[in-house]
Amino acid sequence: MKEYRTDDIIVHWESEICSHSAICLKKLPQVFNLDARPWINVNAASAEEIIRLIDLCPSGALRYSLPEGSKVDPALAGGPGSMTIKYDGQPVITMKILRNGPILIDGPFTITNTDGNIINREGKTSLCRCGLSNNRPFCDGTHAKKDWKVD
Ligand code: SF4
Ligand code: FES
């Protein structure tokens with residue numbers, strides 16, 4: 001996992017589980033730009049704007065945390081993109097099936113892979129539903145490239 005940081009926010013990036021929804025590229029292009037190096041410019045928007053965007057990332061590939069001394073209101077930084085998301089009481093795990101796309105899971109859960117390896121995840125993850133992903137069980141956006149269709 002890579003990190004990009006300012007005094008107010010740390011952006012964590014786990015490329016392997018990105019489902020290539022392009023939400024980050026479309027909604028905050030001054031920060032997320034595939035033509036730039038590094039592709040994440042964490043100084044190009046406020047920490048609060050970046051937090052709001054990362055809360056929309058469907059795969060959990062983008063997450064955030066607050067460094068010590070951050071001026072960001074911690075109440076703003078407890079959304080689904082938080083590295084330190086806290087569940088009160090019994091965690092609720094939700095699943096959402098996207099038309100022509102992956103299954104979005106939100107909540108702490110474990111996946112036992114076909115080789116018996118256990119993957120622990122917290123927060124959001126996109127699981128492949130089309131079977132075409134090169135990074136199963138995670139969605140890598142291949143469904144869109146192949147124009148896979150299902151209700
Ligand atoms: S899944 Fe997240 S990181 Fe990947 S393109 Fe979409 S918003 Fe960006
Ligand atoms: S559902 Fe996205 S690659 Fe399979």
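Which residue in E5 is the bridge partner of Thr94? Select Thr94 and Asp106: Asp106 is that partner. Keep in mind that this is a predicted model.

Domain 1 brings nine residues to the contact and domain 2 brings twelve. On the domain 1 side, the residues that touch domain 2 comprise three nonpolar, four polar and two charged.

**The core.** Now select Ile9, Ile50, Ile51, Ile54 and Tyr64, the residues with the most contacts inside the largest nonpolar core, which has 24 residues. Helix H2 (47–54) and strand E3 (62–65) each supply at least two of the core residues, and H2 gives the most, with five. The core lies between domain 1 (2–77) and domain 2 (94–145) because both give residues to it. Centre the view on Ile50: beyond its neighbours within four places in sequence, Ile50 is in contact with Ile9, Val11, Val31, Val42, Ala45 and Tyr64.

**The ligand.** Finally, show ligand 1 and the residues that surround it: Cys18, Ser19, His20, Ser21, Ala22, Ile23, Cys24, Cys57, Pro58, Ser59, Ala61 and Leu62. Coloured by class, this shell has eight nonpolar residues, four polar and no charged.

How values were computed:
Residues are numbered from 1 along each chain as its sequence is written. Chains are lettered from A and ligands numbered from 1 in the order in which they are written. This is a predicted model: local features need pLDDT of at least 70, side-chain atom pairs count only at pLDDT 80 or more; totals for chains, interfaces and linings use all residues. A residue is near a molecule or strand if its C-beta atom, placed from the backbone, lies within 6 Å of it. Ala, Val, Leu, Ile, Met, Phe, Trp, Tyr, Cys and Pro count as nonpolar, Asp, Glu, Lys and Arg as charged, and the others, Gly among them, as polar. Two strands pair if DSSP finds at least two bridges between them. Helices (H or I, at least four residues) and strands (E, at least two) are DSSP runs, numbered from the N terminus. Two residues are in contact if their C-beta atoms, placed from the backbone, lie within 7 Å. A nonpolar core is a set of buried Ala, Val, Leu, Ile, Met, Phe, Trp, Tyr and Cys residues joined through C-beta atoms within 7 Å. A residue is buried if 20 or more other C-beta atoms lie within 10 Å of its own, exposed if 12 or fewer, and partly exposed in between; C-beta atoms are placed from the backbone. Domain bounds come from an automatic or database domain assignment.
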